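User: I am new to this structure and would like to learn how to read it. Can you take me through it feature by feature?

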Amino acid sequence: MVQLENIQFGYVKSRPLFKDLSLTLEPGHIYGLLGKNGAGKTTLLKIMSGLRFPDGGTVTILKESAPLRKAEGLQNLYFLQEEMYVPHLKVDDFVKAYAPFYPNFNHEQFAEYMHELELDQETGYMDKLSHGQKKKVLIAFALATNTKILIMDEPTNGLDIPSKSAFRKLMASAADESRLVIISTHQVRDLHSLIDMVAILDNGHMLLNASTYEITEKLLFDVENTKSSEGKVFYTEETPRGNYQVKENVNHIDSSLDLEMLFNAAIINKNEIANLFK
Amino acid sequence: MGVDFNNTQTIWMQLVDWVFEQILTAAWKPGDKAKSVRELAVMFEVNPNTVMRSYDYLQNKEIILNKRGIGFFVTDDAVEKIKSLRKKQFMEEEVPAFIKNLKLLDIDVQEIVDMVKNN
């Protein structure tokens, strides 16, 4: 549904951000896009959305080239940016102005999502709302567009505790076989139960793009060798419960994926992890 | 809500355990319609594919069955099936861990036998 092939991109020609990046994203999944600060997560999302043009390579969204910015593609893609643009409009007027760009926009759903996020549609001007409130209005709007592709950059930043829970419920209910959701985040604890695909961006290319199912088939997340003492260890961390390890899953034991530990293991043992998932 | 995602068990297996609990406590009775995949996903804030994995497992173990287009239903002998699965797990995993602790803590087996008898 989204395909990037051999992407090259740099804000400064002498310092390329992406040298040869390829990534394929399929519908029916919620992807978690992880990467260190400055790895280029937001840039990658902008390239997918047709907001940045690659210096080399091809980007295809819904079978169209993203840089062409065809209406048929854009009306089926919503990108909730971290740096939100919110005009000086009341919520109702905002919906009147922007919903027509999305043919599948559903007004009843929007009202329902606003309610779930404890937002009042009668609020004043959107640009006067708090950061978290603005974000919630845009989350409700994004979900109500019913686009085939939904991209969210750090959606839980600025949300209070009940709103994070409400957000997860909305996402769980909105996910379906025909929809592709991509969430870029550092807040992995907010979202670890929600994502079923993990994409790690590192040093200009994709270090990993695998389902949580495949990850736990190949890697074992273990404390104090409780599950197994075999398999090459990729990452170790001292925790109050004991020595936490990420290791090769040689005995096919099911374990609970910890995204932070996975990320650390992948960043430290880049080649080995990449080879394991080839 | 009976599901703690911070523990070391996988989310899909915790969901299986939760369904076991619903059936063993007769909250879901044989022949009842099970909650839909989406309902459970929303309730526990998890990916619907994860719930599907749990439901696939429960179907394989003949604890629920899929009536095409209608949904999932608790099978007639779900309780017996769950008890035999749980017993197997208890004997193979929990008992050995329990024995390991008895040895580690120097606890006399008789002490435990008395406790069980007095309960």
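User: Which residues have the most contacts inside the largest nonpolar core?

Analyst: First, the general idea. A nonpolar core is a set of buried Ala, Val, Leu, Ile, Met, Phe, Trp, Tyr and Cys residues joined through C-beta atoms within 7 Å. Buried means that 20 or more other C-beta atoms lie within 10 Å of a residue's own; exposed means 12 or fewer, partly exposed is in between, and C-beta atoms are placed from the backbone. In this predicted model, the largest such core has 100 residues, and A:Tyr31 and A:Ala140 have the most contacts inside it. Helix α5 of chain A (residues 131-144) gives the most to this core, 8 residues. Helices (H or I, at least four residues) and strands (E, at least two) are DSSP runs numbered from the N terminus.

User: What does A:Tyr31 touch?

Analyst: A contact means C-beta atoms, placed from the backbone, within 7 Å. Leaving out residues up to four places away in sequence, A:Tyr31 touches A:Leu25, A:Val181, A:Ile182, A:Ile183, A:Ile195, A:Met197 and A:Ala199.

User: How are the model and its numbering to be read?

Analyst: Residues are numbered from 1 along each chain as its sequence is written, while chains are lettered from A and ligands numbered from 1 in the order in which they are written. The model is predicted: local features need pLDDT of at least 70, side-chain atom pairs count only at pLDDT 80 or more, and totals for chains, interfaces and linings use all residues. The model scores ipTM 0.89 and pTM 0.90.

User: Where is the pLDDT of chain B below 50?

Analyst: pLDDT is the predictor's confidence in each residue, from 0 to 100. Chain B averages 91, and 93% of its residues score at least 70. Residues 1-6 of chain B fall below 50; this stretch has 8 contacts in the model beyond near neighbours in sequence. Where pLDDT is low, the predicted coordinates should not be read in detail.

User: Why does the radius of gyration of chain A agree with a compact globule?

Analyst: The radius is taken over C-alpha atoms, and the globule rule is 2.2 Å times the number of residues to the power 0.38. For 278 residues the rule gives a value near 19 Å; chain A has 20 Å, which agrees. Its C-alpha atoms fill a box of roughly 60 × 45 × 35 Å along the principal axes. Chain A has 10 helices and 13 strands. Buried residues make up 39% of its 278 residues.

User: How is chain A divided into domains?

Analyst: Domain bounds come from an automatic or database domain assignment. For chain A they give domain 1 (2-203) and domain 2 (212-276). The C-alpha centres of these two domains of chain A lie 30 Å apart. In chain A, 7 residues of domain 1 are in contact with 9 residues of domain 2. Strand β9 of chain A (residues 197-202) gives the most to the domain 1 side, with 3 residues.

User: How many residues of chain B are in contact with chain A?

Analyst: 15 residues of chain B are in contact with 16 residues of chain A. On chain B, α1 (11-24), α2 (37-44) and α3 (48-60) each supply at least two residues of that side.

User: Which residues of α2(B) are buried?

Analyst: They are B:Leu40, B:Ala41, B:Val42 and B:Phe44. Their cover includes α6 (161-174) of chain A, together with α1 and α3 of chain B. Just after α2(B), B:Glu45 takes a positive phi of about 60 degrees.

Conventions
Contact = placed C-beta atoms within 7 Å.
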